[in-house]
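Subject: Structure for you to look through

Dear colleague,

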Amino acid sequence: MINFHYETFPNFGFMKAVLSDEQIKPIKDEINSIQNDFDNATKANNFLAGNIEKEYKLKNSHSYIESLLLPLAQAYMGANGYKDYLLSIQKKYTNFKDELVNTRLIDAWVNFQSKHEFNPIHNHSGFLSFVIWIDIPFLIDDESKQSHVKDSNTKRAGQFCFMYTDILGNISSHPIEADKNYNNGLLLFPAELLHTVYPFFTSDKQRISVAGNFGIEKNES
């Protein structure tokens with residue numbers, strides 16, 4: 001028997017976390033305010049890819065979201081290999097080169113996705129993006145049993161999915177079966193990573209999620 005071990009090519013992954021009810025409450029408070037008065041909320045549709053009617057900017061909880069998630073963003077960038085990603089972003093989008101930079105939350109918004117609505121394949125601005133699932137009203141198992149889905153060899157109804165090019169140049173996907181079991185769940189990932197959200201069919205309630213982007217700016221201190 002020949003001794004062997006596996007080697008993998010360096011690449012960028014994503015971070016998963018779960019927020020407590022206490023941590024998510026200030027965000028939910030603003031979402032509830034928006035739901036109670038959609039007419040006076042600030043629409044976010046014009047800078048988003050979503051084929052979703054109700055998308056709104058989060059203003060009151062912006063600073064809170066930044067302070068809540070900044071440690072995760074810093075942990076992501078401190079992980080092995082990801083410092084190279086930060087350097088590549090700095091060189092691509094800024095003239096900072098090797099100067100120290102600050103990380104800040106550029107924007108955050110809430111999506112109220114209804115049955116049959118979807119987010120086409122897209123990426124984000126900034127260098128790190130996130131999604132927080134506030135309230136997903138369905139189960140993936142139920143979505144997969146729908147008559148138009150059950151016999152497919154690529155069941156994707158209701159799912160969040162990353163798209164990327166593998167080492168052979170093929171377009172690959174990494175689905176996340178985010179359903180009501182993922183409520184309060186969070187993903188943090190490179191902003192340029194393509195992703196999509198497929199439509200759901202089994203609930204008349206809205207799928208509520210929060211998303212946003214972290215950017216970098218020169219440290220003036």
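Below is what was found, taken up by region.

Please keep in mind throughout that this is a predicted model.

I would begin with helix α2, which runs over residues 62-78 and has 17 residues. From its first C-alpha to its last it reaches 24 Å, close to the 24 Å expected at 1.5 Å a residue. Even so, the helix has a kink of about 40° at Leu69, shortly before the proline Pro71. Leu69 is also one of the buried residues of α2, the others being His62, Ile65, Leu68, Ala73, Tyr76 and Met77.

The next topic is the aromatic rings, where the count comes to 13 aromatic pairs. In one of them, the rings of Phe38 and Phe112 have centres 5.3 Å apart and planes at 90°; because planes over 60 degrees apart count as edge-to-face, this pair is given that name. Phe38 belongs to the loop between α1 (21-36) and β2 (54-57), whereas Phe112 belongs to strand β3 (residues 101-113), so the pair ties together parts that are 74 residues apart in sequence. With a relative accessibility of 23%, Phe38 counts as partly exposed, while Phe112, at 0%, is buried.

Phe112 also pairs with Tyr56: here the ring centres are 6.1 Å apart and the planes stand at 65°, so this pair too is edge-to-face. It again links distant parts of the chain, with Tyr56 in strand β2 and Phe112 in strand β3, 56 residues apart. Tyr56 counts as buried, because its relative accessibility is 4% and the limit for that word is under 20%.

Returning to Phe38, you will find the charged end of Lys54 sitting over its ring, 5.3 Å from the centre. Elsewhere, Phe14, Trp133, Phe160, Phe162, Tyr182 and Phe189 form one aromatic cluster.

Finally, please look at Asn213, which is placed in strand β10 (residues 207-218) and counts as buried at 2% relative accessibility. Its side chain is joined to that of Asp107 by a polar contact of 3.0 Å, and to that of His124 by another of 2.7 Å. Leaving aside neighbours within four places in sequence, the residues in contact with Asn213 include Arg104, Leu105, Trp109, Ser125 and Phe130, as well as Asp107 and His124 themselves.

How values were computed:
Residues are numbered from 1 along each chain as its sequence is written. This is a predicted model: local features need pLDDT of at least 70, side-chain atom pairs count only at pLDDT 80 or more; totals for chains, interfaces and linings use all residues. Side-chain values use heavy atoms; hydrogens and water are left out. Helices (H or I, at least four residues) and strands (E, at least two) are DSSP runs, numbered from the N terminus. The expected span of a helix is 1.5 Å times one less than its number of residues. The bend at a residue is the angle between axes fitted to the seven residues ending there and the seven starting there. Buried means under 20% relative accessible area, exposed over 50%, partly exposed in between (1.4 Å probe, protein chains only). Rings of Phe, Tyr and Trp (its six-membered ring) pair if their centres lie within 6.5 Å; planes under 30 degrees apart count as stacked, over 60 as edge-to-face and the rest as tilted. A charge sits over a ring if NZ of Lys or CZ of Arg is within 6 Å of the ring centre and within 35 degrees of the ring normal. A polar contact is a pair of N or O atoms within 3.5 Å; within protein, one must be able to donate a hydrogen and the other to accept it, and residues adjacent in sequence count only if both atoms are side-chain atoms. Contact means heavy atoms within 4.5 Å.
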